[in-house]
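Have the viewer open as you read.

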Amino acid sequence: MSGIRLSGGMMVFLGAFLWSLCSPLVKSLDVDAFLILGLRSLLAAITLAAFVRPKQLRWNGWMLMYLCSYLGLTMCVVVGLTMTSAPIVLGMQYASLILLFVVDFLKTRVFKVKAFIPVCVILTGVVLFMLSDTTGANLTGNLVALCCGVFFGGMTISSRKASGGNPLGLTAVANLFVFIAVTLVFPTKMMGVFDLNGREWLMMLVQGVIQVGGGYAFYNLGLQRVAPQKATIIALWEVVMGPLWVVIFLQEYPVLLEVIGLVVIMAGIFLDTKFNVPDEQISPKQIL
């Protein structure tokens, strides 16, 4: 991999691209959600196990923050999807943008207007996207979905400081942590692994190895060289591409308000690209 020269922004985009495959993959599986969560995390951990460098990882408070945030995010997504509509869960995840903006302001004590304008446009699009499907929404589910944004922000903030020089190892450890937690809390659901057929195993392998393992690996690699707020904005391409794959593979079409929300989100992303340049801080050789 030493010959690969991808920018931090491109790595985050590739992570978002792989995450966006989640919608058609999960919709194509008639399997318990917690079994999917636990098994795909195990498969991701196994895939990336060879990259773990324990001495490079930082076993401190930042590591604990990352592991808890990653576990909280994945659990809240699963629980949220059972209680409220999918657009609300996905949209709330990227509401973390405002949290990251506030954290950046508290660190620098500088109000960055050029950074704030795209955030406002994007959050407007996110709200429109969430309003596109409120048929299955309820207050408890919406609160769980809101936690997705908090955990996604925590994961993004702590990634660089927890991974040290080993972002791929961090991804493996985090997924192993999720597998252990799900197995301990829902042991009977994990027993369903013995009932999976060949097609379901193939879909789980794609999710674990490519969608989760590859997605979070690229995202953590990108976070080594891109500021958290910038990475979150780039990762919003997941919101744009997810519905596209659902249209292509499942022939399920978005409603008008969802399309308008996606267009506004894209406008915010392009505004951010015009106003703000990613901060490339570490060379590829240092992180690969």
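Predicted model: local features only at pLDDT ≥ 70, side-chain atom pairs only at ≥ 80, totals over all residues.

Residues are numbered from 1 along each chain as its sequence is written, and side-chain values use heavy atoms, with hydrogens and water left out.

**Aromatic pairs**
- The structure holds 15 aromatic pairs (rings of Phe, Tyr and Trp, the last by its six-membered ring, with centres within 6.5 Å; planes under 30 degrees apart are stacked, over 60 edge-to-face, the rest tilted).
- W19 and Y219 form a tilted pair, because their ring centres are 4.8 Å apart and their planes stand at 50 degrees.
- W19 sits in helix α1 (residues 8-19) and Y219 in helix α11 (residues 198-223), so this pair ties together parts 200 residues apart in sequence.
- Both W19 and Y219 are buried (under 20% relative accessible area; exposed is over 50%, partly exposed in between, with a 1.4 Å probe and protein chains only).
- Ring pairs also link W19, Y66, Y70, Y94, F152, Y216 and Y219 into a cluster.

**Nonpolar surface patch**
- I98, L99, V102, F105, L106, F111, V113, I117 and V150 form a nonpolar patch with about 730 Å² of accessible area together (residues with over 30% relative accessible area and no salt bridge, nonpolar side chains joined within 5 Å; a salt bridge is a Lys or Arg side-chain nitrogen within 4 Å of an Asp or Glu carboxyl oxygen).
- Helix α6 gives the largest share, five residues.
- V113 lies in helix α7 and, at 46% relative accessibility, counts as partly exposed.

Definitions and conventions. Helix = DSSP H or I, 4+ residues; strand = E, 2+ residues; numbered from the N terminus. Patch = residues over 30% accessible without salt bridge, like charges linked within 9 Å, V, L, I, M, F, W, Y side chains within 5 Å. Areas by Shrake-Rupley, 256 points an atom, 1.4 Å probe, with all protein chains shown as cover.
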